[in-house]
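Keep the sequence at hand as you read.

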Amino acid sequence: MAFTAKDVKALREKTGVGMMECKKALVEADGDMDKAVDYLRERGLAAAQKKASRIAAEGVVLPYYDKATKKGVVVEVNSETDFVAKNEKFMSFVEGVAKTILATDPADVEALKEAKFDSTDRTVTETLNDLVLSIGENMKIRRFDRMEGIVSTYIHAGGSVGVMVGFDVADESKADDAEFVAMGKNIAMQIAAMNPEYLSKANISEDELNKMESITIDSALNKPDSLPMPILSGLIAEACDGKWTSEDTEIYQGLDNKQRKNFTNFISKEAYEILAQIAVSHKEEIVNNKIFTGLVAGRMNKQIKETCLLEQEFVRSDLFQGSVQGYVDSVAKDLGTEIKVRDYIRMMKGDGLEKREENFAEEIAKQING
């Protein structure tokens with residue numbers, strides 16, 4: 001059966017595959033359009049299997065929110081190169097994956113792969129295989145996370161980081177107000193930039209707080225020059241009483257008051273290690289010292305302000321000076337309602353994945369040698 005250039009174009013529009021592949025498919029199918037489509041799909045599966053072992057750590061993270069259903073999802077789809085992540089077909093596929101997740105509510109990525117892709121009769125896996133053949137790179141749907149209710153989203157640097165943050169609003173009509181929309185985006189940007197580990201201090205378990213305190217105590221004891229002077233003076237006196245070498249003792253005793261504030265610049269490394277050992281040996285006594293208790297509390301509060309979103313300093317100081325919680329409360333007051341940050345999702349593209357190492361000479365050699 002003969003075929004024309006129009007048939008090649010029609011097959012390309014139907015499948016998204018390149019012109020040469022479409023022409024080859026029609027030759028193999030003797031001009032039969034349906035058989036050519038099946039041929040390309042088989043080629044897509046073969047291409048996907050062949051490329052499956054290749055590292056795919058680029059791609060995008062896309063937060064997608066359907067305001068009508070108040071359902072949102074953050075999904076990461078990986079490709080081999082950043083160039084492909086800017087491809088219109090690739091981005092259309094990622095958005096289709098997000099819509100499929102919201103429509104089918106799959107339990108996990110494996111279940112998602114078997115779902116029908118975005119109102120089509122093709123599965124997500126089959127659609128992905130078609131895309132692999134069309135674009136020529138390995139691609140993988142890595143993960144997704146969902147959220148419902150009133151949601152704000154933010155995409156950083158073309159999909160390198162995606163954020164979705166959920167709010168409880170007493171008067172939900174206020175969620176359409178421009179000031180609320182701006183506030184939601186600002187909070188999402190804060191999360192993208194500052195990468196908090198927790199929503200608030202209330203979300204840190206007692207065990208985690210105890211572990212944080214234990215690490216803070218041990219860190220302080222092993223860095224004795226950071227200890228309060230009343231405690232440090234006693235430790236140095238013990239060190240000078242036969243535990244330091246005579247040389248280190250003489251060096252320290254020869255320092256004036258100004259130099260003693262930076263005494264670690266003068267004593268030996270071994271002397272400093274001995275001082276830390278002395279501090280650790282007096283752990284129980286030091287931990288019960290009120291001055292040390294205050295130091296630990298101060299350092300704990302600093303960590304909490306760094307790791308908890310609502311306790312963090314709001315980065316847009318041009319808009320509000322204070323904590324994130326303070327900023328949210330100020331917007332709530334202006335809008336005349338109550339606003340609570342309920343939860344958030346933050347995904348970073350390729351986080352934890354092995355990155356592809358480019359070897360251009362090797363790539364060119366492969367192309368030359370077929």
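**Around Pro196**

Pro196 sits in the loop that lies between H8 and helix H9 (206–221). Please keep in mind that this is a predicted model.

**The loop proline**
- Pro196 has a relative accessibility of 5%, and because the cut-off for buried is under 20%, Pro196 counts as buried.
- Not counting residues up to four places away in sequence, Pro196 touches Ile191, Thr307, Cys308, Leu309, Gln312 and Tyr344.
- Leu310 is 114 residues from Pro196 in sequence, yet their C-alpha atoms are 9.1 Å apart in space.

**An asparagine in H8**
- Is Asn186 buried or exposed? With a relative accessible area of 9%, Asn186 is buried.
- Once neighbours within four places in sequence are set aside, the contacts of Asn186 are Phe314, Arg316, Leu319 and Tyr327.

**Helices H5 and H7**
- On the H5 side, Lys89, Phe90, Phe93 and Thr100 take part, meeting Val124, Thr127, Leu128, Leu131, Ser134 and Ile135 of H7.
- By type, the residues of this H5 and H7 contact are six nonpolar, three polar and one charged.

Notes: Residues are numbered from 1 along each chain as its sequence is written. This is a predicted model: local features need pLDDT of at least 70, side-chain atom pairs count only at pLDDT 80 or more; totals for chains, interfaces and linings use all residues. Side-chain values use heavy atoms; hydrogens and water are left out. Contact means heavy atoms within 4.5 Å. Helices (H or I, at least four residues) and strands (E, at least two) are DSSP runs, numbered from the N terminus. Ala, Val, Leu, Ile, Met, Phe, Trp, Tyr, Cys and Pro count as nonpolar, Asp, Glu, Lys and Arg as charged, and the others, Gly among them, as polar. Buried means under 20% relative accessible area, exposed over 50%, partly exposed in between (1.4 Å probe, protein chains only).
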